[in-house]
Amino acid sequence: MKVIVVGAGVVGTMHAWHAVERGHEVVHIEREAEARGASLRNFGQIWVSGRAGGEELDTALRARELWEGIGARVPGLGFRAIGSLTPVRNDLERAVAEAATARPDAAARGYKLLTADEARAVNPALRGAFEAALWCERDAAVEPRTAQLALREALLATGRYTFLPDREVRDVVGEHAVRDDRGETHGGDAVVLCTGAWLSGLVREVAGEIPVRRVRLQMMQTDPLGEPLTTSVADADSFRYYPAYASGALDALNAGQAQDPTAAAHRMQLLMVQRLDGGLTIGDTHEYEHPFAFDTLEDPYEHLTRVVESFLGRPLPRIRRRWAGVYAQCVDTTRVVHRQKVRDGVWLVTGPGGRGMTCSPAIAETTANELGW
């Protein structure tokens, strides 16, 4: 079988990976020299902890298993089974963490409520003031800026993979074929369009208006911290955004503890993970209304800096990079991904939202199973 994959972000690359793993030939087409979108502009977190119970959690756990296996074979991914800590500072926040540990699926996530001393034993860099921390053992991390490059190198080594950059697919031609902006036609037995946040042009032509929206975020990265940050770190504002934490305790938190005005205005939470070079990737914000701003704002960065410094108990290293990114998210956020047959032999897979890096291996595996690869 020959599979044509359009889009070289993490979702497209994982579709190529599964096709090659099953013995098929892949032609992988990317409109830029390499992927430059949300697949690189994220935390690199394999984030199991906050996922909704049921399909979303099952997908994340399967993806976590696949990431670990692929990471063992492709060291360049930088896979680390580091877990995460969410420090809490008062009774309202602690009650949400306690409710999470009482979930029927808490053991599958690796939830445990730690004392402050126990949390510092796990992550000694957290020298700031907090009362306890929610531990999630199943969370992990990879290196987002280099993951697709490492996967592509491994794919190329199989001899069954061809990468065609700098080609924008303009048309679906008949069954199982696409035409690029150089006038070349690429045909096979199946075509999968993994175009990320590119929802106009070809996608609109072949799929119409789909129930997927675009979301913009701001993030930053620091110089090396100078010591290990041994886990990912979130703050209690993450409880407000992730469905796993829905409970009466969360309702009480929302009613009794107003979010910081800057955090509320920009729909913020703290997520933080250390890169292999020692720097910290820190974010993020959420913007849903179009047209998106073309610049980044300082207030969210200042808020994140205050929160991180309060957990670390020390000044943040110099900010090395700031950036904005845009990802595609299903309007119905309970859906893991939008998967649609748009023509005979042609499928569109998009809209995982902030779950893309976490869930992409399992999303692609499901596509491969459904298409009978």
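This report looks at one helix and a handful of salt bridges in a predicted model.

## Helix H3 and its buried side

Let's start with H3, which runs over residues 91–101. Its buried residues are Glu93, Val96, Ala97 and Ala100. These four cover an arc of only 95° around the axis, so they end up on the same side of H3.

What sits over that side?

The N-terminal end of H3 has a cap, and Asn90 provides it. A side-chain oxygen of Asn90 lies 3.1 Å from the backbone nitrogen of Leu92.

## Salt bridges that span the sequence

Now for the charges. Side chains of opposite charge can pair when their charged atoms come close. The structure has 28 salt bridges in total.

Take Glu143 and Arg275, whose closest N and O atoms are 3.1 Å apart in a salt bridge. Glu143 belongs to the loop between strand S7 (140–141) and helix H6 (144–156), while Arg275 belongs to the loop between strands S15 (271–274) and S16 (280–283), so this pair ties together parts that are 132 residues apart in sequence. Both ends are tucked away: Glu143 is buried at 9% relative accessible area, and Arg275 is buried at 6%.

Glu227 and Arg314 make another such link, with a salt bridge of 3.0 Å from N to O. Here Glu227 is in the loop between strand S13 (212–222) and strand S14 (232–234), and Arg314 is in the loop between helix H10 (298–312) and strand S17 (319–330), so the pair joins parts that are 87 residues apart in sequence. Glu227 has a relative accessible area of 18%, which means it counts as buried because the cut-off is under 20%. Arg314, with 25%, is partly exposed.

## A partly exposed pair and a network

Arg36 and Glu34 also form a salt bridge, with 3.6 Å between the closest N and O atoms. How accessible are the two partners? Arg36 counts as partly exposed at 45% relative accessibility, and Glu34 is partly exposed too, at 24%.

Finally, there's a set of salt bridges that goes beyond a single pair. Asp223, Asp277, Arg318 and Arg320 are linked in a network of them.

Definitions and conventions
Residues numbered from 1 in each chain as written. Predicted model: local features only at pLDDT ≥ 70, side-chain atom pairs only at ≥ 80, totals over all residues. Heavy atoms only, no water. Buried < 20%, exposed > 50% of the residue type's maximum accessible area, 1.4 Å probe, protein only. Helix = DSSP H or I, 4+ residues; strand = E, 2+ residues; numbered from the N terminus. Arc of directions from axis to C-beta. Polar contact = N/O pair within 3.5 Å; in protein donor to acceptor, adjacent residues only side chain to side chain. Salt bridge = Lys/Arg side-chain N within 4 Å of Asp/Glu carboxyl O.
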